[in-house]
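Thank you all for making time this morning. I would like to walk you through one part of a structure that may be new to you, so please have a look at it first.

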Amino acid sequence: MSPPLLRAVEGEQSDVSLVASSPTVDSISQNGSGLKERNYMGLSDCSSVDSSAVSSLSEEKNNNLNLKATELRLGLPGSQSPERSLLNTGKLDEKSLFPLLPSKEGICSSIQKNVVSGNKRGFSDTMDGFSEVKNSVYTAGNWMFNAASESESPQSVEQGKFPGNSGMNVVLSSRPSGAQSSIMKEFPGNLLQEHHRATIGTSHDHKTVSNNNSSAPAPKAQVVGWPPIRSFRKNSLATTSKNNDEVDGKPGPGVLFVKVSMDGAPYQRKVDLRLYAAYQELSTALEKMFSCFTIGQCGSRGAPGKEMMSESKLRDLLHGSEYVLTYEDKDGDWMLVGDVPWEMFIDSCKRLKIMKGSDAIGLAPRAVEKSTNRI
Amino acid sequence: MNYFPDEVLEHVFDFLTSHRDRNAVSLVCSLWYRVERFSRQRVFIGNCYAISPEKLITRFPGLKSLTLKGKPHFADFNLVPYDWGGYVQPWIEALAKSRIGLEELRLKRMVVSDDSLELLSRSFANFKTLVLVSCEGFTTDGLAAIAANCRFLRELDLQENEIDDHSGHWLSCFPDSCTSLTSLNFACLKGEINLASLERLVARSPNLRSLRLNRAVPLETLQKILMRAPLLVDLGTGSYVHDPDSETYNKLKTTILKCKSIRNLSGFLEVAPRCLPAIFPICLNLTSLNLSYAAGIHGSELIKLIRHCAKLQRLWILDCIGDKGLEVVASTCNELQELRVFPSDPFGVGHDAVTENGLVAISIGCPKLHSLLYFCQQMTNAALITVARNCPNFIRFRLCILDPTRPDPVTMKPLDDGFGAIVQSCKLLRRLSLSGLLTDQVFLYIGMYAEQLEMLSVAFAGDSDKGMLYVLNGCKKLRKLEIRDCPFGNMALLSDVGKYETMRSLWMSSCEVTLWGCKTLAKVMPRLNVEIINEHDQMEICAEDGQRVEKMYLYRTLVGPRKDAPEFVWNL
């Protein structure tokens, strides 16, 4: 049973529960320093170069977080709002909630009952040294304070600082489009994702800040699933505004999902045509999407030992005109993809179909050759 | 406790309508468990993979009404691949084979096939209510089967489903003998409708109280329908476009005056704003107004309309109403309890979009507000603090700043304090969605103050594992936690593994959790299903443990790993 949690408000501390749940908290907060002392995480083995930076950063973080915690207030900055009395009487001491102090010796052994697999080294080895670094890099990069205006070293740049800093200008909202484009449709497992919060090449003067407030923000790169609106609603609005905008002359809306089917595949997919600017991009995306299917051999659920087709194989197949990409247009006719300009294509495409080359022969006399050239 | 005969206990239990109360009652002792299970008629299953249909049937032989939810919430935002699961077919099959007299089925985010609908329609003689929300996988053929075979159908409610529309003939499949309809909602259908069939159907349904039309139903038909159904309580218009000088429009105006019972109004999927005055007379009595699909009504006309709606309790609207429009709402709709402001232009530049000012105005004018979904361009701590002070009754507070990591534009600080004020002030808060620039601090506040919190949605927030730990340790009533693009990793995931058995589910995508972390968790918690969803990087058995996991969805279950998972879902 999971240990019950802290009761900070009344000042009670159920030490037992805290002890049980805190060790990993300890280790996180202490990060490098605690780890270094006890060395059961073994991080110093794998990433000794970075762990020092990690440790000092996190130590600073801790101290500042505690400071911040004691300064907790709900009024506007600078005001003595009555809400203060709503807070815990007495200082909110974060330490009483989470004993982040390097704790007594017994803690190590009482580390989460379940996490111990008997081989702490194993944990530490796979526990990415670089993921620790990633975390801290992420933290450090979170604010991208241009520290030039203050005399602090980069190490002091982190979130604990914001209560009283007048000189720091965080221009996180000024997103040059270069930074925007780093928000990719899919998030590969690398630091790019974390750095999307960091601004690249920002300036730190008030003008930029005020410009952000007054001028319209740059058009956003689309992040998958953001803003969190049901796709039904998004598509619906897209259709509606398209109808209305044809009168108003406003630019079209942001999404255009169409179904994509493939001969022999057990299920269909959907793509947002507005994410692509050219046929090649669409083609690449479709290759990726359907690369798990083999010809005539659909991956059945749970079937062991089935063949997986690589993307390159499918591409070869497409290029080798085994498959042809076709679409159904507004009139209900099946057309070969690639004949008309991209914008015209998006406008008239209702759904896509990846046909077998042999079936598509009837579509256009030289469909096979065409597809080799186009796709 | 053998003081009372079973019948008395059963009678007492009849008064318990909430699922939680009945669940609690069944835990008291084995006698109560037994009495409760035989008398239970309504069952709610929040995760269809937490239990099997067979177990459900065994325990509740008197089942009449079933509610099932399938895919995780983030499936709404395209984060879950198409084929993840959530099929209703096994449930309907099992129920059909049993002797359960199913009368009501409510599904959310599930995959429903035409075969399932056909089987459903043929297996339960007394079937009365079908509600499908955000489902997919079926066509109008399935609807035709329901219409044709469910002789006592009362409710057919389709909300925001992806339905393949084959033709409008399904409406004609309601037999002439079907006169029991009380609620019909097909607003999400995209295709044509047989208008004559619709009119006839309405004409022979004297108990019809709720009718929501789709885009294909023109204003003329609306007028004819309203003539036949003046007792409607809930109306969703179809295409509301006509020449305001025409006779049809005048007829509509007169007809509407007779519809004194309408309390809910929605639709306007296509709208000619100059025709809006016809509905002003019913605005006075409206308690619920949904204009969130009415992209054709612009700011000033919206405002004109809203000024008539003094009794509104629920308002769903697009952000083209603007801050000024929200001020009108605040001054007019003092009874407002639920407000949802959707973005009309999610990816573009929102000229008419709303900001923190609109929300503050609402909080001043609508003190009864308890549910909020607010998409805005920006938000400030000061505004949130003010809102928290003015509206301490929030149960649901979902704020979505369109730029996901935008700080307070005035102070350039993160929004930790603002959300902190919300959770501190609103002691009954059950659901919270965060956005904007947020650090670990906001999670500290949430862990400390949000004691009733049951569902938390987090995106692009936090600095370290501490953030997630604050929440896991602090929110005792947490049931659903969904996180995307946050720097939470194995430490946070593994710190309190027992917690997840007290929750329905946890979703983490694009975080720092690695395969090793998930494997470890799965190994020590056999009653959790830990699913890894990998669409692109086909994770082989030899995948490195240190690899970050793209999407992880874990949930408690009594029936082990599911057997219908597709290849890209790897159950650890």
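At what angle do H6(B) and H7(B) pack, and how far apart are their axes? Before I answer, let me say that this is a predicted model, and let me give you some background on the chain.

Chain B contains 20 helices and 25 strands, and of its 572 residues, 66% are buried. Among its contacts with a separation of 6 or more, 71% are between residues 24 or more positions apart.

Now to helix H6 of chain B, which covers residues 114-123 and whose buried residues are Asp114(B), Ser116(B), Leu117(B), Leu120(B) and Ser121(B). These residues lie on the same side of H6(B), because the arc they cover around the axis is only 160°. An α-helix has 3.6 residues a turn, so residues three or four places apart point the same way. On the face turned away from that buried side, H6(B) carries the exposed residues Asp115(B) and Arg122(B). The cover over the buried residues of H6(B) includes strand S3 (104-108), helix H5 (89-97) and helix H7 (140-149) of chain B.

That brings me back to the question: H6(B) and H7(B) pack at an angle of about 5°, and their axes are 8 Å apart. With angles under 35 degrees counted as roughly parallel, the two helices H6(B) and H7(B) are therefore roughly parallel to each other. The residues of this contact between H6(B) and H7(B) comprise five nonpolar, three polar and four charged ones, including Leu117(B) and Glu118(B) from H6(B) and Leu143(B) and Ile146(B) from H7(B).

How values were computed:
Residues numbered from 1 in each chain as written. Chains lettered and ligands numbered in written order. Predicted model: local features only at pLDDT ≥ 70, side-chain atom pairs only at ≥ 80, totals over all residues. Heavy atoms only, no water. Helix = DSSP H or I, 4+ residues; strand = E, 2+ residues; numbered from the N terminus. Buried < 20%, exposed > 50% of the residue type's maximum accessible area, 1.4 Å probe, protein only. Contact = heavy atoms within 4.5 Å. Arc of directions from axis to C-beta. Axes fitted to C-alpha atoms, helices over the stretch in contact; angles between N-to-C directions. Parallel < 35°, antiparallel > 145°, perpendicular 65-115°, else oblique. Nonpolar A, V, L, I, M, F, W, Y, C, P; charged D, E, K, R; others polar.
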